[in-house]
Amino acid sequence: MPLEMQAVPCLSDNYAYLVHDPETGRTAVVDVPEVAPVQAALAERGWKLTDILVTHHHDDHIQGVDALRAATGARVWGAAADAHRLPALDHSLCEGDSVTLGNARATVIDVPGHTIGHIAFHFPDSRLAFTADSLMALGCGRLFEGTADQMWDSLSKFMALPDDTLICSGHDYSKGNAAFALSVDPDNPDLHARIAQMDEDRAADRPMAVVPLGVEKATNPFLRAGLDYLKDRHGMPGEEDRLVFARLRGLKDTF
Ligand code: ZN
Ligand code: FE
């Protein structure tokens with residue numbers, strides 16, 4: 001039976017995600033920007049928290065972890081590489097490790113770039129990937145600690161997943177990301193269609209940070225850095241993909 005997933009809006013534009021295994025009742029939260037909205041969502045669903053999965057060390061992703069652990073007794077999973085700057089970990093994780101949630105299993109993907117030690121959680125059987133501030137809806141995280149090369153490698157790992165994988169990212173930056181995407185890829189019909197759909201999604205209160213990978217591949221300019229027409233448009237014909245990505249990421253920094 002596939003996992004059930006619930007996006008929980010937190011703070012001004014963050015998301016936490018609840019993941020529930022209906023067979024065993026185990027329930028995880030991915031990142032804890034705030035405690036109250038997570039607790040409210042758990043209560044509404046009647047789910048009991050058993051696990052806390054942490055993607056990276058930024059406050060807006062971990063500041064509720066200790067309080068939520070104290071309230072629920074949940075065990076905490078996070079990157080071994082960042083153990084010194086994360087809440088105390090019950091399970092330290094490296095690339096390729098597994099997280100078990102009842103009968104479900106996530107694979108840990110090491111995705112440095114936004115930070116060193118940023119990890120993502122991929123539940124292949126349920127077609128879910130929790131990417132936080134690495135791959136984001138119509139964008140990718142700013143490079144605070146890692147290099148453009150590292151982020152390109154990280155994004156390439158996601159591009160290898162099945163297109164029907166639901167990408168669940170850390171923030172709703174859809175407005176700004178859409179404006180930037182249009183500025184660098186203005187003739188992409190899929191991008192125009194997606195942006196038109198966004199107003200409807202917003203009005204219907206759909207979580208803007210949750211998007212199928214196939215849609216990201218068709219519209220997210222950072223996933224399209226390897227395409228010839230985009231290289232040509234940016235005066236980089238035949239250039240290496242990672243250098244085109246670096247150019248696009250640089251443009252976004254000053255957009
Ligand atoms: Zn962050
Ligand atoms: Fe963040």
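**Entry 1: ground rules.** I call a residue buried under 20% relative accessible area, exposed over 50%, and partly exposed in between, using a 1.4 Å probe and protein chains only. This is a predicted model, so local features need pLDDT of at least 70 and side-chain atom pairs count only at pLDDT 80 or more, while totals for chains, interfaces and linings use all residues. Residues are numbered from 1 along each chain as its sequence is written, chains are lettered from A and ligands numbered from 1 in the order in which they are written, and side-chain values use heavy atoms, with hydrogens and water left out.

**Entry 2: Arg194.** Arg194 sits in helix H6, residues 189-203. For helices I take DSSP runs of H or I with at least four residues, for strands runs of E with at least two, numbered from the N terminus. I then listed contacts, meaning heavy atoms within 4.5 Å. Setting aside neighbours within four places in sequence, Arg194 is in contact with Ala137, Leu138, Val211, Val215, Glu216 and Thr219.

**Entry 3: the whole chain.** I counted nine helices and 14 strands in the protein chain. Its radius of gyration is 18 Å, close to the 18 Å that the globule rule gives for 255 residues, so the chain is as compact as a globular protein of that length. The radius is taken over C-alpha atoms, and the rule is 2.2 Å times the number of residues to the power 0.38. The C-alpha trace spans about 55 × 40 × 30 Å along its principal axes. Of the 255 residues, 52% count as buried. I also looked at contacts between residues at least 6 apart in sequence: 59% of them join residues at least 24 apart.

**Entry 4: the zinc ion.** Which residues coordinate the zinc ion (ligand 1)? I found His56 (NE2), His58 (ND1), His114 (NE2) and Asp133 (OD), at 2.2 to 2.3 Å. Donors here are N, O and S atoms within 2.8 Å of the metal (3.2 Å for Na, K and Ca); water is not among the atoms, so sites may look incomplete. The angles among the four donor atoms run from 85 to 174°, and the site is irregular. Four donors count as tetrahedral if all angles lie between 85 and 135 degrees; four count as square planar and six as octahedral if opposite donors are over 155 degrees apart and all others between 65 and 115; anything else is irregular. Along the chain the zinc donors follow the spacing H-x1-H-x55-H-x18-D. His58 lies in the loop between strand S4 (51-53) and H2, and Asp133 in the loop between strand S10 (128-132) and strand S11 (135-136), so this pair ties together parts that are 75 residues apart in sequence. His58 is buried at 17% relative accessibility, and Asp133 is buried at 3%.

**Entry 5: His114.** I found His114 in the loop between strand S8 (104-110) and strand S9 (119-123). His114 is buried, with a relative accessible area of 5%. Not counting residues up to four places away in sequence, His114 touches several residues, among them His56, His58, Asp133, Phe144 and Met151.

**Entry 6: the iron ion.** The protein donors of the iron ion (ligand 2) are Asp60 (OD), His61 (NE2), Asp133 (OD) and His171 (NE2), lying 2.1 to 2.5 Å from it. The four donor atoms subtend angles of 82 to 173°, which makes this arrangement irregular. Asp133 bridges the iron ion (ligand 2) and the zinc ion (ligand 1), which lie 3.0 Å apart. Asp60 lies in helix H2 (residues 59-62) and His171 in the loop between strand S13 (166-169) and helix H5 (174-184), so the pair ties together parts 111 residues apart in sequence. Both Asp60 and His171 are buried.

**Entry 7: Pro33.** Pro33 is in the loop between strand S3 (27-30) and helix H1 (36-45), and is buried at 2% relative accessibility.

**Entry 8: cysteines.** How many disulfides does the whole structure hold? My search found zero, taking a disulfide as a pair of cysteine sulfur atoms within 2.5 Å. For Cys168, the nearest cysteine sulfur is that of Cys10, 14 Å away. Cys168 is buried at 1% relative accessibility, whereas Cys94 is partly exposed at 43%.
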